[in-house]
Amino acid sequence: MAKVVAAITMSVDGYVTGPNDGPDKGLGDGGERLHYWVFGGPWSYAQAPKGQAEGEDAAYLAEVAARVGAVVVGRNMYEAAEHWGGKNPFGVPVFVVTHRPEDEHDSGEFTFVGDFAEAVGRATEAAGEKDVSIGGGADVIRQGLDAGIVDELHIIVAPVILGGGKHLFEDFTKSLDLENKRVRQSRWATFIEFGVRR
């Protein structure tokens, strides 16, 4: 059965970006360390990543990619990723939640939606029998958890303390019960998969 899965990488101290994140530095100051697992090791905004995920990191990405039929992201993530160069990097439909969908030019690569619930509904329809991934940023993941639509929450913990930035659960006051489903570890990350109890 298809699920809604929210997944995000954070630091040991709970940040999903370092300070001063933005279009030229999507993960903020020092935030590149959060995604060493994605690129197989160190990289920086000054020197673009050249590697790719390996071992457990690659296995996690492959498993998720095989299950996902559509992706929902927030406008901030879309902007921070510099629109992924105008090309959809996921290979499945991507729905971008934005307060200004009318400002966007439809290239066919992304669908801009003005309402979170509508974006998830359209993604669910597009995904068919596959999962919907809520890929970030933190705000859309919080909206999904608050709405009670998330079936699984994947927290990828990078072995770094950022000391500042954006917290995953900033101003989130809802109480949730989670079920431990799976934990795996690599050199660059610990992958914790939770079921969200309803």
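N20 counts as exposed in this predicted model, because its relative accessibility is 59% and the threshold for exposure is over 50%. The residue sits in the loop between strand 2 (15-17) and helix 1 (36-39). Its phi is positive, near 60°, although N20 is not a glycine. D171 shows a phi near 60° as well, again a positive value in a residue other than glycine. The loop that holds D171 runs between strand 8 (166-167) and strand 9. D171 is exposed, with a relative accessible area of 72%.

Strands of a sheet pair through backbone hydrogen bonds, in either the parallel or the antiparallel sense. Strand 4 and strand 5 run parallel and are joined by 3 bridges. Within this pair, F95 has T111 of strand 5 as its bridge partner. Strand 9 and strand 10, by contrast, are antiparallel, with 7 bridges between them. There, N180 is bridged to F194 in strand 10. A hairpin of 4 residues connects strand 9 to strand 10.

Strand 9 (residues 178-185) also contains R184. This arginine is buried, because its relative accessible area is 7% and burial requires a value under 20%. The side chain of R184 makes a polar contact of 2.9 Å with the side chain of E63. Beyond four places in sequence, R184 touches E56, A59, Y60, E63, A189, T190, F191 and E193.

N88 is a buried residue in a loop. The loop lies between helix 3 (75-80) and strand 4 (94-97). N88 counts as buried at 18% relative accessibility. A polar atom of its side chain lies 2.7 Å from the backbone nitrogen of F90. With neighbours within four places in sequence left aside, N88 is in contact with P93, V94, E109 and F110.

Helix 4 has 12 residues and spans 16 Å from its first C-alpha to its last, close to the 16 Å expected at 1.5 Å a residue. Its buried residues include F116, A119, V120, A123 and A127. These cover an arc of only 95° around the axis, so they lie on the same side of helix 4. Their cover includes strand 3, strand 4, strand 5, strand 6 and helix 5. The face turned away from the buried side carries A117 and E125, both exposed. At the start of helix 4, a side-chain oxygen of D115 comes to within 3.2 Å of the backbone nitrogen of A117. Just after the helix, G128 adopts a positive phi of about 65°.

In helix 5, A138, V140, I141, R142, G144 and L145 are buried. G148 follows the helix, with a positive phi near 75°. The peptide bond between G136 and G137 is cis, with omega about 0°.

Methods. Residues are numbered from 1 along each chain as its sequence is written. This is a predicted model: local features need pLDDT of at least 70, side-chain atom pairs count only at pLDDT 80 or more; totals for chains, interfaces and linings use all residues. Side-chain values use heavy atoms; hydrogens and water are left out. Helices (H or I, at least four residues) and strands (E, at least two) are DSSP runs, numbered from the N terminus. Buried means under 20% relative accessible area, exposed over 50%, partly exposed in between (1.4 Å probe, protein chains only). A polar contact is a pair of N or O atoms within 3.5 Å; within protein, one must be able to donate a hydrogen and the other to accept it, and residues adjacent in sequence count only if both atoms are side-chain atoms. Contact means heavy atoms within 4.5 Å. Two strands pair if DSSP finds at least two bridges between them. The expected span of a helix is 1.5 Å times one less than its number of residues. The arc is that of the directions from the helix axis to the C-beta atoms.
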